[in-house]
Amino acid sequence: MKKTIIIALTLILVLAAFTSCENNTHEHTWDKGTVTKVANCSEKGVITYTCTGCKETRTEETPVDPQNHIWDEGETTKKATYLTTGTKKTKCTICKTESIVEIPTISLNGKVFASSRYRGPNQPASVNIYHFEESKILGFMGDVINKEVKTQFFGSFPYSIKESKLIISAGDMVVENELEEVVDSQGDVTSIILKQKGTNYDIFTPLVINSEPIPESEGHFFSVKCPIDLPYAYDNGEAMVEDKVTVDSMSIGPYNHTGNFEVTEQPGYFTYGKYKWSGCDVCGYDGDQTLLLPLVNTKWISTEPNKTSEIPTIKDHYLIIEFLEGGSGFIYAQNEKGETTKLTSINNYRVNVSSSETSIIIEAWMSPNDKKPTNFGGITTENLKDGTIDITIQAGGIGKHTFKKLD
């Protein structure tokens, strides 16, 4: 009997605890509330509050939010490009309000562009390729030989785009080039015209394969194995040749593998060698890799002082050629004491390296008014055994010199 009374009293106490809120013997403590229905342009919203003690709930309505529309996917009225924003017309699925929305510019990150340049009768067309990353450009160059291009990686440099200008930092130089897009009737960018200082234009075409950007990847480089038409660069606003150059195969790279490899054929700066990889640490690439040694960030000094120069500041001085990123560099004259001076007559030269033709082209604008650069030199031979290269410099009658690499 006593046990039965105890159980009954316990049940009464439990029931009292659960009914105390209903009997107003419990003061609710409400949480901050949860939005259980979001207000939109036509309907009120709901916030639900819960008592932290007894878990009882209550609701409150929130007013209609005239700015909270439910937009459909919209219809593009102007496509965005790499340089300009686009527009899209959208409609609210509830109140049918219409709006014009800005589409941001297309990111260049991951895009690959190529351009070719006419170099004269019986000369192979040169090809420049730029692979855009988030904050830098990877640059490649090569020649079209038998409708194939095997490019050499010549450097990476930071870039930015501001007010339709491509701003590139190459060594100590900052180069600004105006950009102009060529857009077809569908609003798609077919090419980008890069207007260099003066009157030379490069026409860069996005590399695509089966209408998809960026061809198949092989390790750290890209390979295109189908016909590609590349327009020639422009000079003085007119096409130097009307036809486009067509290539059937293009290798962009290779570069930057790391890990275990064996040099099976010694590479030079203008003579291809071969590496055999047993797994790249980054991409796992196995196989052979043909490669040139990079000229970027190297210095070369003539093995003999120059005795033939018509330029007084060069005569009886050793010559030094310094290669920087982005195909630029300097020529110095150095005396026996090691004192150097930049050659003021050609201190604005640009170096282009063409691996397929095994040539260095030293081009310089002799004055700010020059519309075309003057060609000052080209490589004649490379001796892998002693690590020297022969360069003929035509400026001032300097002539042919053998250069060795400075440490």
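## Aromatic pairs

Rings of Phe, Tyr and Trp (its six-membered ring) pair if their centres lie within 6.5 Å; planes under 30 degrees apart count as stacked, over 60 as edge-to-face and the rest as tilted. Tyr 82, Phe 113, Phe 132 and Tyr 159 form one aromatic cluster. The whole structure holds five aromatic pairs.

The model is predicted: local features need pLDDT of at least 70, side-chain atom pairs count only at pLDDT 80 or more, and totals for chains, interfaces and linings use all residues. Numbering runs from 1 along each chain as its sequence is written, and side-chain values use heavy atoms, with hydrogens and water left out.

## Tyr 82 and Phe 113

This pair is edge-to-face, with 5.6 Å centre to centre and 80° between the planes. Tyr 82 sits in the loop between strand S4 (75-78) and strand S5 (86-91), and Phe 113 in strand S7 (residues 112-117), 31 residues apart. Strands (E, at least two residues) are DSSP runs, numbered from the N terminus.

Tyr 82 is buried, at 13% relative accessible area. Phe 113 is buried at 2%. Buried means under 20% relative accessible area (1.4 Å probe, protein chains only).

## Tyr 130 and Phe 204

The ring centres of Tyr 130 and Phe 204 are 5.3 Å apart with planes at 45°, so the pair is tilted. Tyr 130 lies in strand S8 (residues 126-132) and Phe 204 in strand S15 (residues 200-206), so the pair ties together parts 74 residues apart in sequence. Both Tyr 130 and Phe 204 are buried.

## Arg 58 over two rings

A charge sits over a ring if NZ of Lys or CZ of Arg is within 6 Å of the ring centre and within 35 degrees of the ring normal. The charged end of Arg 58 sits over the ring of Trp 30, 5.1 Å from its centre. Arg 58 also lies over the face of Tyr 49, 4.3 Å from the ring centre.

Conventions. Helix = DSSP H or I, 4+ residues; strand = E, 2+ residues; numbered from the N terminus. Buried < 20%, exposed > 50% of the residue type's maximum accessible area, 1.4 Å probe, protein only.
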